[in-house]
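Hi,

Here's the structure I promised to pass on. Have a look at it first, and then read my notes below.

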Amino acid sequence: MKKIISLGLCFVLGSFVLAGCSSESEPFEEKSYTSDTQISGIHLDVQDREIEVLLSEDEQVHIQYSENSKEYYDISVSDGVLTMTSASSKEWTDYIGVKPAAEDRKISLQIPDTLLENLTISTTNEDITLSPLAVTGSISLSSNGGNITFENVDVGNALSLTVKDGDISGTVIGSYDDFAIQTEIKKGESNLPNKEGGEKTLNVSSNNGNVNVALVNE
């Protein structure tokens, strides 16, 4: 009797799993956002999305992304700070099967050079890439399960880089005398020293990844 009940439960659960796997996921729709007010700061906090940051050609903030009714974003502006966060209406059966295509898991952010104070980006299981750009305040980048890559980033006072199960590589405008540097490395290697002094701060944290960051002159 116990075997019959167990087999029955397995059959029922298996039916749910197969139903979830066999159902076609809802297609994603490409969308874009353009700010209609002056933006001084940007805060992106998303999950399982690759983020590419480029320079804007018209001094406005633009975001290109894809979403559907199950996976979408909340975008708002308050006191000059643009916030974009992941939102979801998924049920547990929606997590069964393949993940969305790479192009549907990418966010392209375009920002004006030197007009932004602060930039904060956080994601999981994907990479963050920055083109050469400058902010008057700080940049904070965090990826849990992805790499952080950047080129000739210029900050007014602080740069914070955090990864888990990923690498950090890039170049920062300035000299070692400009930065107080603090690094925390677990299960990885880093070319950065820990040092005090400097008007700016460079904080780097890596767990199970390598760090290769160079300070360069313009």
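To start with the surface: the protein exposes about 12,200 Å², and carbon and sulfur atoms supply 48% of that (areas come from the Shrake-Rupley method with a 1.4 Å probe; for residues, only the protein chains shown count as cover). Keep in mind that this is a predicted model, where local features need pLDDT of at least 70, side-chain atom pairs count only at pLDDT 80 or more, and totals for chains, interfaces and linings use all residues. Residues are numbered from 1 along each chain as its sequence is written, and side-chain values use heavy atoms, with hydrogens and water left out.

The protein has 1 helix and 17 strands (DSSP runs numbered from the N terminus: H or I of at least four residues for helices, E of at least two for strands).

Of the 218 residues, 34% are buried (under 20% relative accessible area, with a 1.4 Å probe and protein chains only). The largest nonpolar core has 42 residues, and Leu 109 is one of those with the most contacts inside it. Such a core is a set of buried Ala, Val, Leu, Ile, Met, Phe, Trp, Tyr and Cys residues joined through side-chain atoms within 4.5 Å.

Leu 109 touches His 62, among others (contact means heavy atoms within 4.5 Å). You'll find His 62 in strand 4, residues 62-67. His 62 counts as buried because its relative accessible area is 13%. Its side chain also makes a polar contact with the side chain of Asp 58, at 2.9 Å (a pair of N or O atoms within 3.5 Å; within protein, one must be able to donate a hydrogen and the other to accept it, and residues adjacent in sequence count only if both atoms are side-chain atoms).

Cheers

Methods
Buried < 20%, exposed > 50% of the residue type's maximum accessible area, 1.4 Å probe, protein only. Lists of a residue's contacts leave out its neighbours within four places in sequence.
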